[in-house]
Amino acid sequence: MIEVSHEEAFSELAAVALDSVSKEVSESVRAHAALCPECGPELAAMEETAAMLGHLVPPAPMSPGRKAGIRSRLVMRARSEAQSITPNATTPTFGRPDISRGVASLTGLGHKTGPQRELGESRGITTGRASSPSRGFNWVAFAASIALVAVSAQLFRVTTELNSMRARIAEADTTTPVAAPVAESLEAKIAEKDAMIAAMSGPDVMVVPLMTQSTRQTMGRMTWNRASNDWIMVTYGLKQPRSGMTYQVWLVTDTARISAGTFRPDKDGRTMMRASYALPRDALRAVAITEEPEGGASSPTGPMVISGSA
Amino acid sequence: MIRRMAEADETALGALYDQWSRSLYSLVVHLLKDADEAEDVVEETFWQAWRKASTYEPSKGAVSTWLLTIGRRKALDRLRAQKRRREDSVKSERIFADIPSSEPDPSRSAEGSDVREQVRAAIRELPDEQREVLELGYFSGLSQTEIADATGQPLGTVKTRMRLAMQKLREPLSMHRGVTE
């Protein structure tokens with residue numbers, strides 16, 4: 001931060017309000033204004049004036065689906081966070097799911113040395129299906145401990161299932177020999193699904209929309225919780241890969257293209273994949289899905305199906 | 001509404017979103033020229049509002065001001081990170097140019113249209129050179145130095161024009177502070 005006099009700060013207030021100065025100057029002027037009885041109110045008034053300019057923009061159409069999607073994600077994130085703050089909160093009442101169940105067929109791609117070392121240690125999740133290694137990797141920085149798993153229900157369905165499970169637990173008489181194992185099983189499922197919701201919520205979550213190259217149609221999302229290093233990918237409307245082929249997920253950094261596994265969408269084109277993998281917070285540049293030979297490839301070779309910039 | 005958000009009432013966040021998402025989206029998609037990126041910025045803006053609700057001070061501005069300021073800043077951060085601002089594109093989008101005296105807008109509420117028209121009226125009163133500096137600063141996200149380069153004017157001139165423009169707009173637009181709440 002640089003030192004600014006009152007006169008210098010005052011002369012820059014309009015530019016600071018319009019964000020037309022460097023970050024350094026802005027921070028210095030704001031620091032001065034926070035303590036200055038003259039500059040503080042003046043800056044607030046200037047910012048108010050600047051924001052009014054935003055009303056000049058012609059209204060842009062926003063599709064109902066897009067608008068509703070943002071709203072539901074926001075409310076769900078807020079509800080999840082509120083409940084994590086209040087552990088004894090009552091049972092949540094999430095809205096109805098807008099995507100039905102989808103099951104992915106997943107294959108891990110083996111353990112490699114090299115570029116992945118700079119990406120840090122990864123850890124698997126216990127609900128994952130065993131991975132089968134593939135052959136001939138040269139640089140793929142995929143660690144075997146990344147356990148991409150098929151999740152048997154999509155996220156929005158998870159929330160309603162939670163409600164149902166909690167109700168069933170409440171109804172169960174856990175003192176009877178028959179009911180106790182049922183309750184334990186349900187509790188385990190709830191814990192698993194709670195973990196999924198937590199992975200997709202919070203201030204450290206980055207969402208990468210996945211779009212087709214030609215039409216820019218959004219057909220999925222990759223959610224990365226940079227605090228917990230949980231990754232969840234959802235796709236919808238994807239065609240089945242050609243015979244003998246599969247889809248492969250790539251995490252693209254400046255130095256590597258990291259295979260994150262292969263998958264096959266369900267008959268409705270839906271997929272949900274979950275992984276745990278440590279990546280530096282600023283390393284991700286893009287996420288891409290390519291069509292590759294069954295079992296996966298060591299580097300992207302097939303056509304890009306969908307992708308998104310981080 | 002903001003107070004309820006600060007008390008972790010997520011229905012208040014939904015209500016805030018219902019009220020202001022369209023205005024925010026319009027601004028952000030205008031800046032980014034990409035609906036999907038705009039969607040992300042809108043979501044992150046409301047999420048920041050949720051997380052920072054307890055720090056919101058009504059005395060420092062209307063809720064809409066707060067949201068538009070956050071959203072615009074996030075959009076500009078993206079533009080700057082991607083170095084997507086180009087002079088040619090900057091010059092092709094002139095929000096202030098040819099502002100008509102009246103433009104019926106059935107897609108907006110009467111109240112919203114009134115605010116928009118009042119802002120337009122205030123802009124109309126500015127000299128062209130001040131409008132240009134304001135437009136390049138607000139809608140194209142250019143720094144004063146970049147504006148000086150783009151317009152061929154000395155930096156000091158750009159600073160003066162920007163300051164004068166904002167001072168002239170301040171009084172007429174301050175009347176609408178309550179309207180945008």
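This is a predicted model: local features need pLDDT of at least 70, side-chain atom pairs count only at pLDDT 80 or more; totals for chains, interfaces and linings use all residues.
Local features are given where pLDDT is at least 70 and side-chain atom pairs where pLDDT is 80 or more, while totals for chains, interfaces and linings use all residues. Residues are numbered from 1 along each chain as its sequence is written, chains are lettered from A in the order in which they are written, and side-chain values use heavy atoms, with hydrogens and water left out.

**View 1. Chain A as a whole.** Chain A has six helices and nine strands, where helices (H or I, at least four residues) and strands (E, at least two) are DSSP runs numbered from the N terminus. Of the 310 residues in chain A, 54% are buried, that is, under 20% relative accessible area, with exposed meaning over 50% and partly exposed in between (1.4 Å probe, protein chains only). Among contacts (heavy atoms within 4.5 Å) in chain A between residues at least 6 apart in sequence, 68% join residues at least 24 apart.

**View 2. Helix 3 of chain A.** This helix covers residues 39-52, and its end C-alpha atoms are 20 Å apart, in agreement with the 20 Å that its 14 residues should span at 1.5 Å a residue; the expected span is 1.5 Å times one less than the number of residues. Helix 3 of chain A is mostly covered, with 12 of its 14 residues buried, among them A:C39, A:L43, A:M46 and A:M52.

**View 3. The interface between chain A and chain B.** The contact takes 50 residues from chain A and 65 residues from chain B. About 5400 Å² is buried between the two chains, 58% of it given by carbon and sulfur atoms; buried area is the accessible area (1.4 Å probe) that two parts lose on being put together, summed over both. Between chain A and chain B there are 12 salt bridges, each a side-chain nitrogen of Lys or Arg within 4 Å of a carboxyl oxygen of Asp or Glu. Helix 1 (6-17), helix 3, helix 4 (64-85), strand 2 (205-211) and strand 3 (218-225) of chain A each supply at least two residues of the side of chain A that touches chain B, and the largest share, 12 residues, comes from helix 4 of chain A.

**View 4. Salt bridges joining the two chains.** The side chains of A:R71 and B:D18 meet in a salt bridge (2.7 Å, N to O); A:R71 lies in helix 4 of chain A and B:D18 in helix 2 (residues 10-32) of chain B, so the pair joins two chains. A:R71 is partly exposed at a relative accessible area of 29%, and B:D18 is partly exposed at 39%. Another salt bridge pairs B:E39 with A:R66 (2.4 Å, N to O), and these two residues belong to a network of salt bridges that also links A:R73, A:R77, A:R221, B:D36, B:E43 and B:E44.

**View 5. A salt bridge within chain A.** The side chains of A:E291 and A:R242 meet in a salt bridge (2.6 Å, N to O). The pair links distant parts of the chain, 49 residues apart, with A:E291 in strand 8 (residues 286-293) and A:R242 in the loop between strand 4 and strand 5 (245-252) of chain A. A:E291 is buried, with a relative accessible area of 7%.

**View 6. The surroundings of A:N229.** A:N229 lies in the loop between strand 3 and strand 4 (230-235) of chain A and is buried, with a relative accessible area of 16%. Leaving aside neighbours within four places in sequence, A:N229 is in contact with A:W224, A:A275, A:S276, A:Y277, A:A278 and A:L279.
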